[in-house]
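Try each one before you look at its solution.

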Amino acid sequence: MLDPNQLRKDLPTVTKALAVRGIEFDTERFNQLEARRKYVQVETEALQARRNAVSKLIGQLKSRGEDASREMEESQQIPARLKELEQDLAQVQGELNDWLMTLPNLPHASVPEGKDSDDNIEQRRWMPPGMQADEQGNPRPFAFEPRDHVALGEPLGLDFDSARKLSGARFMMLRGQIARLHRALAQFMLDLQTSEHGYQECYTPYIVNSSTLFGTGQLPKFKDDMFWVTKGGQDSSQDAEDDAGAEDLYLISTAEITLTGSVRDSIVPQQDLPLKLTAHTPCFRSEAGSGGRDMRGMIRQHQFDKVEMVQIVHPEKSYEALDEMLGHAEAVLQRLGLPYRIVLLCGGDMGFGATKTYDLEVWLPAQDTYREISSVSNCEAFQARRLQARYRPEKGKPEYLHTLNGSGLAVGRTLVAVLENYQQEDGSIVVPEALRPYMGGVEVLKE
């Protein structure tokens, strides 16, 4: 959530920053809400001061044996008016908070203006040693016509027909060799992030309550992108009593939700920072509004696996952590020998909670283009403010943490990249050397 104090002290800067994201902030509405809030607070403070003064006056009058009935009558009326003002203040603050909950994070000063991915700025490219580039700087094409991951994967156990019967469109089933390759990728990613990059491996719930999603920014704006959970069967009277007033539940769309949400309503000792967490989880997304995009294959699924990285850090360290996490995601691609590029997202293409984001895009030969495989974002205090996640400095009051998240990597899309980049003319797949220990030494997958 945006900092209300920043809005009050420097509204023009906030308005300008939101414009970089293509959002026109309603300054008139904000000023009206602020005027109402100030009026109620001023009247409340004046009435509280009057209550104290009247109470003191009543004591003085009684001590002198004088009539204090008029003052006592006034004193009896004050609590009711204070209650009304309390309700008025709660209403205006509630309206302001509900509005701020729908507004995205402010972009960092280094984030370029732009509407969509066409306005993102490429930072650099990487190709494995020995790989040659074409005139455009892309990996040189194969000597044969490359097949896409569906044509390559189906003979190896990629099964969309069974998944469609079980669950419908945008699901997949993996069997045999390709299922093992999928598992190998996830294990390799976890081992790399934990053993070399210092992340603590976590196993988290796949179902979360709405408070957690409000805290990390998925709710209320992205409710239609989530899968909601409903309980079936007949509840016992005890279950019904336990669930009375319970929050709505949702399947997670990323382990960022659970890893970042783990510090909700907490104060972390400064000496415990940074917290570096990782988890391999399934992710569930409704893909609302995606229409017919990427209907073929594994690129855009309702269910997919991801190894997520989260860092929770001191505010002065968050941009150092952003660069570090970007390197951690790159390390996965480099160990796998997959060509990629890094782009800095423009304001109009960034995620809701991010203040600065880098995308890693892997080369897919069959599409003759780069496709996103990881996003690494700094959210600064945006999520921490919503989560009430703070740290305790050596001196002074608790302050909000900074949170960062990144994919390290999306397992399904990495599988797609391995199939397409390591294909041979006969349709077999060379197993990257980094994965062979996880594949029992198998070097080639073939029908």
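Keep in mind that the model is predicted.

**Exercise 1.** Describe the protein chain as a whole: what are its helix and strand counts, its span and its buried share?

*Solution.* 
- Start with the elements: the chain has 13 helices and 18 strands.
- Next, take the span. The C-alpha trace extends about 110 × 55 × 45 Å along its principal axes.
- Now turn to burial. The chain has 447 residues, and 47% of them count as buried.

**Exercise 2.** Decide whether Lys306 is buried or exposed, and find its surroundings.

*Solution.* 
- Locate the residue: Lys306 sits in strand 10, which covers residues 303-313.
- Apply the cut-off. Buried means under 20% relative accessible area. Lys306 has 5% relative accessibility, so Lys306 counts as buried.
- List partners beyond four places in sequence. Among them are Thr254, His280, Cys283, Arg285 and Leu409.
- Look at one partner again: the side chains of Lys306 and Thr254 are joined by a polar contact of 2.8 Å.

**Exercise 3.** Characterise the second largest pocket: what is its volume, and which residues line it?

*Solution.* 
- Give the volume: about 360 Å³.
- Identify the lining. It has 17 residues, and Met131, Pro139, Arg140, Phe142 and Asn421 lie nearest the pocket centre.
- Sort the lining by type: eleven residues are nonpolar, three polar and three charged.

Key: Residues numbered from 1 in each chain as written. Predicted model: local features only at pLDDT ≥ 70, side-chain atom pairs only at ≥ 80, totals over all residues. Heavy atoms only, no water. 1 Å grid on protein atoms, 1.4 Å probe; cavity = no way out; pocket = protein on both sides within 12 Å on 5 of 7 lines; lining within 4 Å. Points joined across faces, edges and corners; volume = space filled by probe spheres on them. Nonpolar A, V, L, I, M, F, W, Y, C, P; charged D, E, K, R; others polar. Helix = DSSP H or I, 4+ residues; strand = E, 2+ residues; numbered from the N terminus. Buried < 20%, exposed > 50% of the residue type's maximum accessible area, 1.4 Å probe, protein only. Polar contact = N/O pair within 3.5 Å; in protein donor to acceptor, adjacent residues only side chain to side chain. Contact = heavy atoms within 4.5 Å.
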